[in-house]
Amino acid sequence: LSLVIFVRLGLAPSTFLSENAYHFGIAWMMVCWSIALADRINLLKAVSENAYRELKASEHRLSQILNGLPLGVLLYGKDQKPKYGNQRVYDIFNDPSRNVQVDPEGGRTLAQAIPYFSLKQAGTDQDYPVENFPISSALRGRLASTEDIEIDRGDNRIALEIQASPVLDASGVVESAVVAVQDITQRKKAEAELDEYRR
């Protein structure tokens, strides 16, 4: 470009090379930009891959921590469908003798899960009301817990303590609910025996 300016000012002779030198300059500049852009893309790709590896490692650590807990941990979405369950959830709810198993990918809503897992109001044969379920309350933005839910296995019942807490997005809107489930059958039996002893 400088050479063309010099030609126009009469400071350099007008030749084919001097008149068209800027074409080569533009082409060289495009080549340099392409190399710089490719280098930047490779750098961003490496950073992205590294961030992805760190995310997967973090997810793996979190999964190990959650699976090591003595409590069942569930994550329910706003659609009242489970998104995640740790190993303890499977231990509590799976019943191979009745072909009943936890399947977060199955798309079973809370209303469908209650009869499927035979979740009863303690001491009755009534299905636990969906509207009173702690998960429903948490998805409406309220902390909730209960100890009056039982899994009816036919020959025995499993008493559950369920606590649910809303998970809010950045704007404060409920986006999901995290749920803790604990088998309290032995504790309930001990309480009943203690009450009988007291009587």
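## Strand pairing

## Basis of the values

This is a predicted model, in which local features need pLDDT of at least 70 and side-chain atom pairs count only at pLDDT 80 or more, while totals for chains, interfaces and linings use all residues. Residues are numbered from 1 along each chain as its sequence is written, and side-chain values use heavy atoms, with hydrogens and water left out.

## The cavity

A search of the whole structure finds one cavity of 30 Å³ or more (a set of points on a 1 Å grid over the protein atoms alone where a 1.4 Å probe fits but cannot get out, with lining residues having an atom within 4 Å of a point). The largest cavity has a volume of about 220 Å³, a volume being the space filled by probe spheres set on the points, which are joined across faces, edges and corners.

Its lining comprises 20 residues, with L74, Y76, F93, A113 and F117 nearest the centre. By class, 17 are nonpolar, one is polar and two are charged (Ala, Val, Leu, Ile, Met, Phe, Trp, Tyr, Cys and Pro count as nonpolar, Asp, Glu, Lys and Arg as charged, and the others, Gly among them, as polar). Among the elements that each supply at least two lining residues are strand 1 (72–77) and helix 3 (87–93).

## Salt bridges

There are 14 salt bridges, defined by a side-chain nitrogen of Lys or Arg within 4 Å of a carboxyl oxygen of Asp or Glu. In one of them R157 meets E150, the closest N and O atoms being 2.8 Å apart; R157 is partly exposed at 23% relative accessibility, whereas E150 is buried at 16% (buried means under 20% relative accessible area, exposed over 50%, partly exposed in between, with a 1.4 Å probe and protein chains only).

K56 and E59 also form a salt bridge, with closest N and O atoms 3.5 Å apart, and these residues are separated by about one helical turn because they are three residues apart in helix 2 (residues 16–67). A network of salt bridges links E147, E161, R187, K188 and E191.

Notes
1 Å grid on protein atoms, 1.4 Å probe; cavity = no way out; pocket = protein on both sides within 12 Å on 5 of 7 lines; lining within 4 Å. Helix = DSSP H or I, 4+ residues; strand = E, 2+ residues; numbered from the N terminus.
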